[in-house]
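Dear colleague,

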Amino acid sequence: MKITKINKTFGDKHVLKDTTLDFPAGKTTVMVGPSGSGKSTILRSLNLLVVPESGHYDFDDHHLDFSNKITNKDKLAVRKETGMVFQDYNLFPNKTVLGNIIEGPTQVLKQSKEEATARAKELLAKVGLAEYGDAYPNELSGGQAQRVAIARALAMTPKYILLDEPTSALDPELELSVLKVLLQLAAERQSMVIVTHNMMFAKQVADKIIFVENGEIIYDGSPDEFFAPDNPNQRIKNFIASMTMEDLK
Ligand SMILES: Nc1ncnc2c1ncn2[C@@H]1O[C@H](COP(=O)(O)OP(=O)(O)O)[C@@H](O)[C@H]1O
Ligand SMILES: [Mg+2]
């Protein structure tokens, strides 16, 4: 998955400036950076919730030139293969947990209800929620709801899973239950792109780190170099220090 020289403006604000990045298959790419820097805009471009004004997007057999009109057909095809997980879960409140998970597979992939339900139960077990199929979203903790959202994304067997600050709304204790699931998926080589503010998690899960500031890519490389105490980039060192509260010491 690769974007080349994409540009996106909101009003007169030029948010992405010739942004070029690749997101290797079978790996976990983590995007970090201050709020408002453009991380969500990049992530949303990858499943065409945001459509840049120019640049190219190559994802498997999808080859899009944003100077041309992006059709609904393009959007649907890309979205089928990219599962999005949002900070606030976005579960359907009037459907059970199982109902939430089988919605996409039955409606979009045209699986039978039986087939979709059997797979949904496997996925619920995988995220540690085997007992919760008949529960409603408002009966779940935030950590449980987010794990359902991850199971729902996986149910579409997307090539990539895109996660936008998946644990930012969670208490630290509940956060851990979600991070463990994501570490497990990373170990299984699920292709993922994760935006997070949790530096400890980023360090553990990332195969590749991208640091974004003001729409510019300040760093794109290995986590080892990024987190190295002798990283020559003082801005990155300061960012990591503030995010890990090292300055309190
Ligand atoms: N739909 C939108 N309409 C107007 N401005 C937006 C929109 N989405 C994002 N922006 C602006 O683009 C910039 C980057 O936002 P975003 O990608 O959400 O940053 P991040 O995820 O790094 O916090 C911010 O200045 C934000 O206010
Ligand atoms: Mg964001």
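Is L162 buried or exposed? L162 is buried, with a relative accessible area of 0%, where buried means under 20% relative accessible area, exposed over 50% and partly exposed in between, with a 1.4 Å probe and protein chains only.

Please note that this is a predicted model, in which local features need pLDDT of at least 70 and side-chain atom pairs count only at pLDDT 80 or more, while totals for chains, interfaces and linings use all residues. Residues are numbered from 1 along each chain as its sequence is written, chains are lettered from A and ligands numbered from 1 in the order in which they are written, and side-chain values use heavy atoms, with hydrogens and water left out.

L162 belongs to strand β7 (residues 160-164); strands (E, at least two residues) and helices (H or I, at least four) are DSSP runs, numbered from the N terminus. Not counting residues up to four places away in sequence, L162 touches L43, L46, N47, T82, G83, M84, V85 and V193, contact meaning heavy atoms within 4.5 Å. E139 is 23 residues from L162 in sequence, and 25 Å separate the two in space, C-alpha to C-alpha.

An open sheet is formed by four strands in the order β2-β1-β4-β5, with antiparallel pairing; two strands pair if DSSP finds at least two bridges between them. Strands β2 (13-22) and β5 (62-65) stand at the edges, each with a single partner strand, so one side of each has no neighbour in the sheet. Within the sheet, β1 (residues 2-10) and β4 (residues 54-59) pair over four bridges, and N7 has S54 in β4 as its bridge partner.

Helix α1 (residues 39-46) lies across β1, β2 and β4 and runs at about 60° to β2. Axes are lines fitted to C-alpha atoms, for helices over the stretch in contact, and angles run from 0 to 180 degrees between N-to-C directions. Helix α2 (residues 72-80) lies across β4 and β5, at about 135° to β5.

The axes of α5 (residues 142-155) and α6 (residues 172-187) come within 7 Å and cross at roughly 25°. The two helices are therefore roughly parallel to each other, a term for angles under 35 degrees. Residues of α5 that meet α6 include I150 and L154.

Finally, E213 in strand β9 (residues 208-213) is buried, with a relative accessible area of 17%.

Yours sincerely

Conventions. Angles under 35 degrees count as roughly parallel, over 145 as roughly antiparallel, 65 to 115 as roughly perpendicular and the rest as oblique.
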